[in-house]
Amino acid sequence: MASILDRLRTLALAGAMAGMAMAAGGLQAGVDLPKLERGKGDKCVEETQFMRRNHMELLKHHRDETMHKGIRTPKHSLKGCVECHAGAKTGSVAASKEDFCSACHAYASVKLDCWDCHATKPGKRPIHSIPSTAGAAMPPMDSGMAGGHR
Amino acid sequence: MSEQMNHPQSDQDQADRRNFLKASAAAAGLTVAPGVLLYGIAHSRPEDQAVSDKVRWGMLIDTTKCAADCNACVTACNTENALEGRTGPQDSQWIRKVSIKNLQTGAEHHLPMPCQHCEHPPCVDVCPTGASFKRADGIVLVDRHICIGCRYCMMACPYKARSFVHEPLTEQNPEVPRGKGCVESCTFCVQRVDRDETPACVEACTADGHMAMLFGDLNDPESEIAKALKGQRTTEIRADLRLNTGVRYQGI
């Protein structure tokens, strides 16, 4: 009989602890964090926590390196960010409120002006259609390129 | 008095330092030389290395080969840089086809006019924020992050090479950011040059069979453009301004 009472008491204790844990979990879920799509690939170029605080510094440093020194390494480049983080629905990082950049920036209420100039979608290099001039003996493109310049 | 006493001492220091620098410079020269030689042959730069002033990019345009009815360079520029291709007074034009005629003789010439990428660019002189700058390899650019859109550079440029973006833009080329409120101009397709390619206009002109445009390193005596400039009479437009332009013309 006593053993049954002990068992019941243990169960009650376990139940109370489970209830507290749920309450704690509920509190965390109450903070309405922005829902972000995971980027392509296994992980970001740096630790996620580091990127949350410092992505703007990395981007600013890299933009000056690219602009003034012509260093176009893919790591820390805005183009690299867009290629990984473009949303599946819109194909963009800032077309809708759910897209990677705009979701967090709307949450933090920080205005973004990157996309006034930069493309929000990953893009292919432009394809140049070769204009044809009537009657011109046009060399094939490859030999023309080789002969024209370095 | 004590200062006078110190002078011989500091001169001696200076001399020592100078000798040390000379020696280290010589050593650096030796170690750098193979790298420089390799650069000269392969024409490529490691992607994490900054551009250097050992290179100066330039263009030679042969007006006798430039056809009157051809617009290939302009079209290619528009495609590469995602320009709208309109030619109104407020539209961006990075390269223009210009026709000139000698009224006395009737001789006509046609030529493309991009940014002339001056050695002493007036646009850089007048820029109040430092947004307009010349890269070490001679390419003149606008840093849109710093540009405030005052348009002094547009007034200063003798070649009318720069445009101002008046309206918000979309659908930019990821490698060519453009937007409202900034001045812009021909970049020699810097994103392509950094990949060891030639500007889009030059590629189009060559692919179209005209071969009127030649692009290369003016500082490399072995480059085609340097040989052409050495062997033939070429012209700088507004040479009187002594800007030492990177774009040279033949046949005008």
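pLDDT is the predictor's confidence in each residue, from 0 to 100. It applies here because this is a predicted model.

Q: How do you know how confident the predictor is in chain A?
A: Its mean pLDDT is 76. Of its residues, 65% reach 70 or more.

Q: Which elements of chain A have the lowest and the highest mean pLDDT?
A: α5(A) has the lowest, at 34. α2(A) has the highest, at 95.

Q: What makes residues 16-27 of chain A a stretch to treat with care?
A: Their pLDDT is below 50. The stretch also has zero contacts in the model beyond near neighbours in sequence. Where pLDDT is low, the predicted coordinates should not be read in detail.

Q: What does the model have for residues 132-150 of chain A, where pLDDT stays under 50?
A: It has 30 contacts beyond four places in sequence.

Q: What pattern does chain A follow along the sequence?
A: The pattern is α-α-α-α-α. Chain A has five helices and zero strands.

Q: How many of the 150 residues of chain A count as buried?
A: The share is 17%. A residue counts as buried if 20 or more other C-beta atoms lie within 10 Å of its own.

Q: How do you know that chain A touches chain B?
A: Contact requires C-beta atoms within 7 Å. By that test, 31 residues of chain A are in contact with 40 residues of chain B. On the chain A side, α2 (48-69), α3 (78-85) and α5 (141-148) each supply at least two residues. The residues of that side divide into 15 nonpolar, 10 polar and six charged.

Q: Why do β1 and β9 of chain B count as paired?
A: Two strands pair if DSSP finds at least two bridges between them. Strand β1 (residues 57-62) of chain B and β9(B) have four bridges, so they meet that cut-off. Their pairing is in the parallel sense. Met59(B) stands opposite Val247(B) in β9(B).

Terms used
Residues are numbered from 1 along each chain as its sequence is written. Chains are lettered from A and ligands numbered from 1 in the order in which they are written. This is a predicted model: local features need pLDDT of at least 70, side-chain atom pairs count only at pLDDT 80 or more; totals for chains, interfaces and linings use all residues. A residue is buried if 20 or more other C-beta atoms lie within 10 Å of its own, exposed if 12 or fewer, and partly exposed in between; C-beta atoms are placed from the backbone. Two residues are in contact if their C-beta atoms, placed from the backbone, lie within 7 Å. Ala, Val, Leu, Ile, Met, Phe, Trp, Tyr, Cys and Pro count as nonpolar, Asp, Glu, Lys and Arg as charged, and the others, Gly among them, as polar.
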